[in-house]
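Open the model in your viewer and keep the sequence panel beside it. This tour tells you what to select at each stop and what is there.

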Amino acid sequence: YEIPKRDWSSDVCSSDLARRSIGSASSSAAHGGITSDRRGSVKYLKIIYLLLGFVLLAGIIHAIDLADVMQRVVQLGLAGFGTILAIHFVAFLIDSFTWQMTVTSVPLDGRWLFRFWVVRMVGEAFNLVIPAAGFGGEPVKMVMLKERFGLSYREGTASLVLSRTINMISLMAFLAIGLDRKSTRLNSSHV
């Protein structure tokens, strides 16, 4: 079975089409029959959830020892802190690129890399918030790929499974190398 190639030459995603139709007279029909009252209540829910998020963040900041955190940041220095952020950013970008490579119907360009990076960023945020063993954000990624960029659920699911499998295999390889080096070092110290 060969996955059909999609023509991305127009490069218009469903969210672009939705934004264009908001101002039209048929915006209610373009949004699946959602009335302006309903969109207004969704807007208020977003604001309430944002405020709830700020309250939770304030509670966490209040519960931790900020002086200890600041002392450790000062110990790292600006260069050390920047280096840690840069290494994490590069690793995240590489993971996004390897995920993009698993979707054969999209071009390997910067625009799509940015899209996969954004989807991955949102999904990983859900993985951290939802207690689902690190897989809670995967459905969010699939929905975003479908709703925003028009990728099928089948292709999105296949790419996520393949990407997760590749990442797991690479992590196991690094773990095996580390355990081998550790056991070699322990064995040489007992001689």
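**Before you click.** This is a predicted model, in which local features need pLDDT of at least 70 and side-chain atom pairs count only at pLDDT 80 or more, while totals for chains, interfaces and linings use all residues. Residues are numbered from 1 along each chain as its sequence is written, and side-chain values use heavy atoms, with hydrogens and water left out.

**Whole chain, as cartoon.** The pattern along the sequence is α-α-α-α-α-α-α. Helices (H or I, at least four residues) and strands (E, at least two) are DSSP runs, numbered from the N terminus.

**Colour by pLDDT.** This is the predictor's confidence in each residue, from 0 to 100. The average for the protein is 79, and 78% of the residues score at least 70. Now select residues 12–32. Here pLDDT stays under 50, and the model has 20 contacts beyond four places in sequence for this stretch. Contact means heavy atoms within 4.5 Å.

**Switch to surface.** The accessible surface comes to about 14000 Å², with 70% of it belonging to carbon and sulfur atoms. Such areas come from the Shrake-Rupley method with a 1.4 Å probe; for residues, only the protein chains shown count as cover. Of the 191 residues, 21% count as buried. Buried means under 20% relative accessible area, exposed over 50%, partly exposed in between (1.4 Å probe, protein chains only).

**Select D95, R120, S163, N167 and L171.** These lie nearest the centre of the second largest pocket, which is lined by 15 residues. Its volume is about 300 Å³. Helices α4 (66–101), α5 (110–129), α6 (138–149) and α7 (153–189) each give two or more residues to the lining. The largest share, seven residues, comes from α7. By class, the lining has five nonpolar, four polar and six charged residues.

How the terms work:
- A pocket is an open set of points on a 1 Å grid over the protein atoms alone, where a 1.4 Å probe fits, with protein on both sides within 12 Å along at least five of seven lines; lining residues have an atom within 4 Å of a point.
- Grid points are joined across faces, edges and corners, and a volume is the space filled by probe spheres set on the points.
- Ala, Val, Leu, Ile, Met, Phe, Trp, Tyr, Cys and Pro count as nonpolar, Asp, Glu, Lys and Arg as charged, and the others, Gly among them, as polar.

**Zoom to N167.** This residue lies in α7. N167 counts as buried because its relative accessibility is 18%. Beyond four places in sequence, N167 is in contact with D95 and T98.

**Move to S96, in α4**. Is S96 buried or exposed? It is buried, with a relative accessible area of 0%. Leaving aside neighbours within four places, S96 contacts L113, F116, W117 and R120. Draw a C-alpha distance from S96 to F114: 8.4 Å, across 18 residues of chain.

**Finish at L145, in α6**. L145 counts as buried, at 1% relative accessibility. Which residues does L145 touch, not counting those up to four places away in sequence? They are W99, F116, V119, G150, L151 and G156. L145 and T157 are twelve residues apart in sequence and 9.8 Å apart, C-alpha to C-alpha.
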